[in-house]
Amino acid sequence: MSSSTFFRSMLTTIADRGRALVRRHGPMVEDLLEDAAKLMPLSAKGQPKRDLPTLCDTLLSGRGEASGVALAGQILDQWARLDTAGQRAFLLDLAYRFGPDPIKLDKAINAYRAAPGAGTALALHNAAEARRQELFRRLNLAPGGTEAVVRMREALFRVMADAQGVEKQALEAVDADFSHLLASWFNRGFLVLRHIDWTTPANILEKIIQYEAVHTIRDWDDLRRRLAPADRRCFAFFHPQLPDDPLIFVEVALAPDIPASIDALLAEGRAPMAEEDATTAVFYSISNCQEGLRGVSFGNFLIKQVVEDLRAELPNLRTFVTLSPVPAFAKWLARERGDEASAVLAAADKAILAALDQPDWQRDPGTAATVSPVLLQAAAHYFLKAKSRGNKPVDPVARFHLGNGARLERLNFLGDLSPKGLTQSHGLMVNYLYKLDDIETNHERYADKGEVVAAAAVRRHLKAESGTDEPKPPKPDKTGVSKRARPATDTAPPPVV
């Protein structure tokens, strides 16, 4: 019997014994339930109908472990049967009825002001904690409790999407408590890295198909092409409380060099290479699987762990790089094209980029060659100059990889010709390089100064600015098309590092 199966069995036994205590009218729990039930209406069968908030109050007031597990299970059972309106009502109850006790909090604040110190600071900290945090901890003790809390947060996101004003602020406070606890429950020490291959159980492989968020897995044959060949790898993080449901996974291609196009990696008729001949590991898809764990960071640990595992398995690997989408680029570029005062695009640039509005523009070599230098120039500004709040790049994928210590290595024009790729980035893809000796330094430069660490090949695309050396225009080759304007990629692959 596996350790996770044994643990689940043990929790179920505790819950069953707790229910037995409740049935025998144990004084610690049953009396509390009966007192609460006196305030509630009768159901159609004449039994007291206890609403969820009342049951939650009872759970928080109880002290028995076994009976508490049973009651937590009862609460989660009722939650699972609620419709959308019922879920919304309960989540608002969590916001308004299970926050900090205002009287205790006010008392603790006054005590700290009167006598600042470690003791009064601790009392203030405890008083400021919302009651719902302890409620979530106790619900987590029930069999399946961890997963149920994750799903409850997913429901919270749906409710928050329609909330406004004070109600939205109250729900955001509930989310902050969820996030605080889940970050602790799902810290790296609890995560298990598993290699996913074609022999992995079908129920997990189905989840891989379902959760793939970057390059859609069309069917089982498509999945097999990503898992079965010797030059393909897939790794996922799991949690002991969700043993058959991945938290995040990464798909890896072994290659001879840094790729510029996803089509080459996923082509149906491609010939697999011998793994011992590969020098480059390409992380071409990273998918978060659990919406209820949004904001809980797994990806940085996953990439670094996979790099270490691959280096141990294949010492010939010397380059670790991504082939990443640019999901917000097209929307950003559309705003710049529509801005008469744009500092990024001149009128001539906008005229050239008008070709992007034409169907199948990428199929015409002449049009692609004309668009390429202007689009890559805009892309360089997008990554290196455009900032969101906090002096961070506007691109979410860039924030992730740069925050992990990667370097923006290369811009790939028409790297993704799928409908999704053309819609979200006009086909642009990028490579982020994970050079192990530089990861810590790159991370500090990004975290401390907001600096985007980028290769010279990327910076050369920036429009010349005052005080900078203007790059020389690229020389045309024998075909009359400049080398920089060619549609496959902006530069030759850099040397292996």
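1. Helix H14 spans residues 299-313, 15 residues in total. From first C-alpha to last, H14 reaches 21 Å, close to the 21 Å expected at 1.5 Å a residue. Note that this is a predicted model.

2. Which residues of H14 are buried? They are Gly299, Asn300, Leu302, Ile303, Val306, Val307 and Leu310. These residues cover an arc of only 160° around the axis, so they lie on the same side of H14.

3. What do the buried residues of H14 pack against? Five partners are strands: S1 (192-195), S2 (232-238), S3 (248-255), S4 (280-288) and S5 (319-322). Helix H18 (396-403) is also a partner.

4. Now the pair H15 and H17. Helix H15 covers residues 329-338, and helix H17 covers residues 365-384. Their axes come within 11 Å and cross at roughly 105°. Angles of 65 to 115 degrees count as roughly perpendicular, and H15 and H17 are therefore roughly perpendicular to each other.

5. The contact itself can be listed by residue. H15 contributes Phe329, Trp332 and Leu333. H17 contributes Leu375, Ala378, Ala379, His381 and Tyr382. By class, the contact of H15 with H17 has seven nonpolar residues, one polar and no charged.

6. Ala95 deserves a separate point. Ala95 is in helix H5, residues 84-97. Is Ala95 buried or exposed? Its relative accessible area is 13%, under the 20% cut-off, so Ala95 is buried.

7. Leaving aside neighbours within four places in sequence, Ala95 is in contact with Arg132, Ala170, Leu171 and Val174. Arg132 is 37 residues from Ala95 along the chain, and their C-alpha atoms are separated by 8.3 Å.

Methods
Residues numbered from 1 in each chain as written. Predicted model: local features only at pLDDT ≥ 70, side-chain atom pairs only at ≥ 80, totals over all residues. Heavy atoms only, no water. Axes fitted to C-alpha atoms, helices over the stretch in contact; angles between N-to-C directions. Helix = DSSP H or I, 4+ residues; strand = E, 2+ residues; numbered from the N terminus. Parallel < 35°, antiparallel > 145°, perpendicular 65-115°, else oblique. Contact = heavy atoms within 4.5 Å. Nonpolar A, V, L, I, M, F, W, Y, C, P; charged D, E, K, R; others polar. Expected span 1.5 Å × (residues − 1). Buried < 20%, exposed > 50% of the residue type's maximum accessible area, 1.4 Å probe, protein only. Arc of directions from axis to C-beta.
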